[in-house]
Amino acid sequence: MDAKIDARVSHRFKATAEQVYDAWLDPERVRLWMAAALKSFGLAGDIQHIEIDARAGGKFRFSDMRDGTVARH
Amino acid sequence: MMSPRDQDRLLDNTLVALADPTRREILRLLAQTDARVTALAEPFPISLNSISKHIKLLERAELVERRRVGREHILRFRPEPLERVREWISKQETFWRVGMQALDALLNQENKTEEQR
């Protein structure tokens, strides 16, 4: 079975592409928008840790508190 | 109330059940009217045994309910799991919509502060 799924998100920003790109890779700004998104899920949006290593072959990791336990992504 | 783990499992089962054209056709037919297994299998060019396997997957997903009347097995369509799939998809959409709006608002705020300087 082919398990590859293509999911797309589009949003037109008022800010410039450079600003959006920089913000996308900045842990402190990611913390802010992701907290808002998590709250839309009915979660606390209490983000513990964000790691973004923006290189080819790099990793990204983040975690948030859910019911007193850390959920890692 | 189902535990999150059970909810996840049911969602898995539902998506698996829906990921096949024969099973979707079975659901389409059952949505029109309840049917006996043998009558339901008739229009399909595959064996009754294969149809039975498809029905089992649909039952596991709670999309189809079976009741016995004497020796007959009557199948019925249950739409509730489709509602759960719809809710799940809608939650993903909301997550990204709300997240991107928050990022947009954040950047606009930063630009305004910049202009005021």
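Residues are numbered from 1 along each chain as its sequence is written, and chains are lettered from A in the order in which they are written. Because the model is predicted, local features need pLDDT of at least 70 and side-chain atom pairs count only at pLDDT 80 or more, while totals for chains, interfaces and linings use all residues.

We can begin with the interface. Here 16 residues of chain A are in contact with 14 residues of chain B, contact meaning that C-beta atoms, placed from the backbone, lie within 7 Å. On the chain A side, helix 1 (17-24) and helix 2 each give two or more residues; helices (H or I, at least four residues) and strands (E, at least two) are DSSP runs, numbered from the N terminus. Helix 2 of chain A gives the most, with seven residues. This side of chain A divides into eleven nonpolar, three polar and two charged residues, where Ala, Val, Leu, Ile, Met, Phe, Trp, Tyr, Cys and Pro count as nonpolar, Asp, Glu, Lys and Arg as charged, and the others, Gly among them, as polar.

Helix 2 of chain A (residues 27-40) meets helix 5 of chain B (residues 80-116), their axes coming within 8 Å and crossing at roughly 145°. Such axes are lines fitted to C-alpha atoms, for helices over the stretch in contact, with angles from 0 to 180 degrees between N-to-C directions. Residues making this contact include A:Trp33, A:Met34 and A:Ala37 on one helix and B:Phe95, B:Gly99 and B:Leu103 on the other. The contact residues divide into eleven nonpolar, three polar and one charged.

Within helix 2 of chain A, the buried residues (20 or more other C-beta atoms within 10 Å of their own, C-beta atoms being placed from the backbone) are A:Trp33, A:Met34, A:Ala37 and A:Leu38. They pack against strand 1 (46-52) and strand 2 (60-66) of chain A, together with helix 5 of chain B. Just after helix 2, A:Gly42 takes a positive phi of about 80°.

Note on methods. Two residues are in contact if their C-beta atoms, placed from the backbone, lie within 7 Å. A residue is buried if 20 or more other C-beta atoms lie within 10 Å of its own, exposed if 12 or fewer, and partly exposed in between; C-beta atoms are placed from the backbone.
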